[in-house]
Amino acid sequence: MPGDREKSGRQESGTRPRDGLDRRLAELSDRIAGLEPHRAADLYKSGACLVDIREPHELEEGTPAGSTHLPRGSLELEIQSHLPETDQPVILMCASGQRSLLAAEALQQLGYQRVYNLVGGFRAWKGAGLPIEYPRVDGDRFRTRYARHLAMPEVGEAGQKTLLASSVLIVGAGGLGSPAAFYLAAAGVGRIGLVDGDRVERSNLQRQILHTDAAVGHPKTASAAERIHALNPDVRLDTYPVRLDATNAESIVGDSYDIVLDGSDNFPTRYLLNDVCIRLGLPLVYGAVFRFQGQVGVFHAGDGSRPCYRCLFPRPPSGRDAPSCAEAGVLGLMPGIVGCFQAAEAVKYLLDLGQSLQGRLLSIDVLSASTRTARLDRDPECAWCSGSPPDGYPDYQAFCREA
Ligand SMILES: [Zn+2]
């Protein structure tokens, strides 16, 4: 073939490709900031995204705990759903630190300004004794860890494998997201996504049990990642240290999740999540708390027959009717109860068990130790779940301010 002749001719008369590659890697390592493993771990703890760009089969030897796996071939196409802002710090890692150097240049070309290369790659990370997780579960570990699930005919080996192959997106790593993320991770849900742009505050610790006093001031996603991996290294955790808004919601929620759990604490996010889930056809597990009371529901709307969150609350209640937890207070264990109910609805959905709260609203009152389940009908006036939702997304802040 003419092309082959041309190639071999070039090789004979010019330099070897390897020399060219070495030159290029040397040039890139001058230009791209390199981090030793411990410095990379510190930056990761303070909120940077650590991306493992190796091929899936290379993960058998482990991956840095909590890292995001985006194989080199899909890096440029998928990075934006994990890092929607180009000023967020990102550390790239491969096996030895060479492929990640080339990948770092590609991210710089996309406009990312704070791109770092993990010098020495995964080998150096492992050699430094930093935390590692193993995405594949071997037989013994599987049988021991999930023994109580395997003993239940409703779950069993097939159900447990289903959970390990499932994914849940949790919006908010706060009061509701904490127990939900803990129990879903303990249950062996294979992939958990966590969206939260806030940092841990000391006043959160009365109820947000994912976080510790030592994590005050740290990003909630980083603090949550540390605790969840300590609990169950089988779980792949994808963190999104951002506030969900109309510009990033579709790419985050649409990042191949099976079900979405609303652990947010504000109305703009609740309406946005409802609308995005309808558009993407995903089930949404709703939960809310107020002082000694809580509510749980499941919305899987969009075909014109089933209700959505907007059918329950066509407009956000006024600030006086629905003060935030910060204003009204909440019994610390209340989000624990509601978050666990939300996790239960997610597991029921993933395993197709029992009767879903779809189309019903569960209300819980711990003072009277009573629960009530009310039927929810679709509001015929609701445009969003009518089967043909409006184009685009409204201005949620303005919509909720009008209340
Ligand atoms: Zn509706």
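How many of the 10 residues of helix H10 (residues 177-186) are buried? Some notes on that and its surroundings.

1. Before anything else: this is a predicted model, where local features need pLDDT of at least 70, side-chain atom pairs count only at pLDDT 80 or more, and totals for chains, interfaces and linings use all residues. Residues are numbered from 1 along each chain as its sequence is written, and side-chain values use heavy atoms, with hydrogens and water left out.

2. Eight of the 10 residues in H10 are buried, so the helix is mostly covered, where buried means under 20% relative accessible area (1.4 Å probe, protein chains only). Among them are Pro179, Phe182 and Leu184. Their cover includes strands S8 (167-171), S9 (191-195) and S11 (259-262), plus helices H11 (220-231) and H16 (334-351). Helices (H or I, at least four residues) and strands (E, at least two) are DSSP runs, numbered from the N terminus.

3. Just after H10, have a look at Gly188, which takes a positive phi of about 90°.

4. Arg191 sits in strand S9 and is buried, at 11% relative accessible area. A polar atom of its side chain lies 2.9 Å from the backbone oxygen of Asp255, and the side chain of Arg191 also reaches the backbone oxygen of Ser256 at 3.2 Å. Not counting residues up to four places away in sequence, Arg191 touches several others, including Val168, Arg236, Asp238 and Tyr240; contact means heavy atoms within 4.5 Å.

5. Over in the loop between helix H15 (325-328) and H16 you'll find Leu333. Leu333 has a relative accessible area of 48%, which means partly exposed, the class between buried and exposed (over 50%).

Notes. Polar contact = N/O pair within 3.5 Å; in protein donor to acceptor, adjacent residues only side chain to side chain.
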